[in-house]
Amino acid sequence: MALTRSLAGITLAAGIFALAPLATATAASATEAAATQAAFKPFGPYFAAGSKAKVSGSLTAAAKDDPSAAAPWVKVSGSVVDRTRPASACGWALFRVSWFDSSNTPHLAYRNYRTCSYNVKKNFAFTMKNVGEVELKVCSEGKAAKPSLNCQYAGTWKTLYAYYK
C-alpha cells in the first residue's frame, strides 16, 4: 500500500512537470492576444448638477506597444439625456480631446452633444486619432446653439482616458 501511494505521488508529480510548459505557453499566448486587442471601457452614468442631465457610454482605445505613446485611435459612443421638464432647458455632453499631430504637438478638440427633450436619449459617437486624453463634462442649462462659457470652464472635467494610465 505504501509503495502504491509512493508511485501515485511520483506519477502525479511527473504529470504536473510535464504539463507545466504547456500551461505557461497557453498563458503567454493569451496575454499576447489581450495586448493586441482594443481596450473597451464603459463610463458613467455621470450627472449634471442637481441630476438635471445624464451621460453614459463606452470608450474603446486601440492597443499600443509603447505605453508612453498616444493611442492610435479612440472611439467614444453613448447617450445624453435631459432630465428637466421645461423645453427651454437642455442637457449637454461636452468632450475635450487632446490629440497629437505628426510632429507630436498637442492640440485640443471639442465635441458637444445636446438634447432638449425630457427623458429622450440623444446618441453620439466619434472617433479620433493619436489621442492623448479624453475628458467629459455634463451640464444642464438654457437652450442655446452652443454651451455657455460657464458650462465649459466652471467645475471639473472627468477624465475618461489618459494615454499614460
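Mentor: Start with Lys158, which sits in strand S7. A strand is a DSSP run of E with at least two residues, a helix a run of H or I with at least four, and both are numbered from the N terminus. This is a predicted model: local features need pLDDT of at least 70, side-chain atom pairs count only at pLDDT 80 or more, and totals for chains, interfaces and linings use all residues. Residues are numbered from 1 along each chain as its sequence is written, and side-chain values use heavy atoms, with hydrogens and water left out.

Trainee: Why is Lys158 called partly exposed?

Mentor: Its relative accessible area is 30%. Buried means under 20%, exposed means over 50%, and partly exposed is in between (1.4 Å probe, protein chains only). A value of 30% falls in between, so Lys158 is partly exposed.

Trainee: What does Lys158 touch, leaving out residues up to four places away in sequence?

Mentor: Tyr46, Val134, Glu135 and Leu136. Contact means heavy atoms within 4.5 Å.

Trainee: How is the protein built overall?

Mentor: It has two helices and seven strands. From the N terminus on, they run α-β-β-β-β-β-β-α-β. Of its 165 residues, 33% count as buried. Among contacts between residues at least 6 apart in sequence, 65% join residues at least 24 apart.

Trainee: What makes the meeting of Glu135 and Arg96 a salt bridge?

Mentor: The rule asks for a side-chain nitrogen of Lys or Arg within 4 Å of a carboxyl oxygen of Asp or Glu. Here N to O is 2.7 Å, so the pair qualifies. The two residues come from distant parts of the chain: Glu135 from strand S6, Arg96 from strand S4, 39 residues apart. Both are buried. The structure holds one salt bridge.

Trainee: What makes a set of residues a nonpolar core?

Mentor: The members are buried Ala, Val, Leu, Ile, Met, Phe, Trp, Tyr and Cys residues, joined through side-chain atoms within 4.5 Å. In soluble globular proteins, nonpolar side chains tend to be buried together.

Trainee: Which members of the largest core touch the most other members?

Mentor: Leu59, Val74, Val76, Phe95 and Val134, out of 24 residues. S6 gives the most to this core, with seven residues. Apart from it lies another core of seven residues, including Trp92 and Cys151.

Trainee: Are Tyr163 and Tyr164 exposed or partly exposed, and how do you know?

Mentor: Tyr164 is exposed because its relative accessible area is 53%. Tyr163, at 25%, counts as partly exposed.

Trainee: What makes Leu108, Tyr110, Leu149 and Tyr153 a surface patch?

Mentor: Patch residues have over 30% relative accessible area and no salt bridge; like charges are joined within 9 Å, nonpolar side chains (Val, Leu, Ile, Met, Phe, Trp, Tyr) within 5 Å. These four make a nonpolar patch of about 470 Å², an area found by the Shrake-Rupley method with a 1.4 Å probe, where for residues only the protein chains shown count as cover. Leu149 has 60% relative accessibility and so counts as exposed. Leu149 lies in helix H2. Strand S5 (106–115) and helix H2 (149–153) each supply at least two residues of the patch.

Trainee: Which peptide bond is cis?

Mentor: The one from Gly44 to Pro45, with omega near 5°. Pro45 belongs to strand S1 (residues 39–47).
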